Amino acid sequence: MAKQYETVIGLEVHVELATKTKIFCSCSTQFGGAPNTHTCPVCTGMPGSLPVLNRQVVEYAVAVGLAANCQINQYCKFDRKNYFYPDNPQNYQISQLYLPICHNGYVEIETGPDKKKKKIGIHEIHMEEDAGKLIHDEWEDCSLVDYNRSGVPLIEIVSEPDMRSAEEVIAYLEKLRLLIQYLGASDCKLQEGSMRADVNLSVREVNANEYGTRTEMKNLNSFKAITRAIEAETKRQIERIEEGKAVVQETRRWDDNKEYSYAMRSKEDAQDYRYFPEPDLVPVQISDEWLRAIRDAQPEFRTQKQERYKKEYDIPEYDIDIITSSKHMADLFEETTALCRQPKKVSNWLMGETMRLLKEKGMDPEDIHFTPGHLAQLIQLVDERTINGTVAKEVFEQIFDRDVDPDVYVREKGLGAVTDEDALKKVIEAVVRENPKSVEDYRGGKKKAMGYLVGQTMKELKGKGDPGIVNRILGELLNRE
């Protein structure tokens, strides 16, 4: 009988915090500046410079810890992690090893069609600084370094090895991402590097007590890449074990184009970094009052929002799940609903046209920039029959792209619905005269023919006819004889 194996996975998740300045200096964290323009003696590691801790970093770290059910160390310290690499100007990183700010937490995930619940343990959350970025110029055959990212604040969330599949890993990352986005602590965009996951993975026989030898995989910048990397590494390790070969503890780099990982270096342990207490920073002491203030400022998270929506709004549960999967989308829904008092219609616009345009343009919900007031105005224009549904979709595209004022746009473009019954009747009579075959089909029992006549009428009216009035007048004409 073939041996059965299970995969054991733990994650190290680095999250770039949404502070305006770096963790130990006042340099900007804004993305996209010219190389080495967001730097100073502190973040470039100049001798004699001294770090000063950014208070907001501590507050974000504590807020994430509370959201992840962690115990908060109200007395914590920083440590030096020593390693030598060109993008690390100090030749050490200020991090936390011995007394991290948060420990012993968990998040609850749901997987499978039956939404099976499972708690994934969080070993610790610690604060640290990011390194710079190496840019490899193949044309010039050289490497350049940009220190703009050096000193950008990070939290590292270290899970327990509690995950057993790629599905559980993605559910865990999604849960973390939503918690952090709802807090406003980070935008958590994997493709832009503000959330990065390193996967520690080993395999063992089912029911074995001991863990297998683990590897760590890096360069994972999407959920799809993470899934493929886990599946490939699981297969690779099982094959080695079946062949009687040892799995080597090492760090591997995943190439998503080739769907293959290759060894980078042997996996380090803590002693390899020669940690010692950071001498330039005093311990962090979080008072009861400060901790209480952070706790009181915690927002309504997704699960709480979902329960409230079910009670307050008459919208389907599926809509609730999609809308609350993005804090920005949920905020947009609530603010628009507060203005127009029509949650179902707001939900329809978000679930329909908004999701369609996001998909077409390859955007995330967080990239939506139109204002709730303009969507509420559009809904009102349709309700008042100032414009019809077809025109409303055209106007919404302009709202989505340029956040136009719908009232002004409709007026300037002459898109208002034609509601003058005499004018509509003249157009409809002409359509009836020009399409005798369709009229004959309708009167012969083919009721679908009326849809064609309505379409021809709307074409003559350039889409601006009131559908209700058009259908009524057309019906009266067709049923007269």
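In these legends, a residue is buried if its relative accessible area is under 20%, exposed if over 50% and partly exposed in between (1.4 Å probe, protein chains only). The model is predicted, so to speak of local features takes pLDDT of at least 70, side-chain atom pairs count only at pLDDT 80 or more, and totals for chains, interfaces and linings use all residues. Residues are numbered from 1 along each chain as its sequence is written, and side-chain values use heavy atoms, leaving out hydrogens and water.

**View 1. Here's Q306, a residue of helix α5 (residues 302–312).** Helices (H or I, at least four residues) and strands (E, at least two) are DSSP runs, numbered from the N terminus. Q306 counts as buried because its relative accessibility is 14%. Skip its neighbours within four places in sequence, and Q306 is in contact (heavy atoms within 4.5 Å) with I320, D321 and T324.

**View 2. Strands β4 (residues 79–82) and β5 pair up in the antiparallel sense.** Two strands pair if DSSP finds at least two bridges between them; here there are four. Look for K81, opposite Q93 in β5. On β5 (residues 92–95), Y92 and I94 point one way, Q93 and S95 the other, and all are buried.

**View 3. Helix α2 (residues 166–183) packs with helix α3 (residues 223–242).** Their axes, lines fitted to C-alpha atoms over the stretch in contact, are 9 Å apart at an angle of about 150°. So α2 is roughly antiparallel to α3, a label for angles over 145 degrees, on a scale from 0 to 180 degrees between N-to-C directions. Among the residues that meet are L173 and R177 in α2 and F223 and I230 in α3.

Conventions. Parallel < 35°, antiparallel > 145°, perpendicular 65-115°, else oblique.
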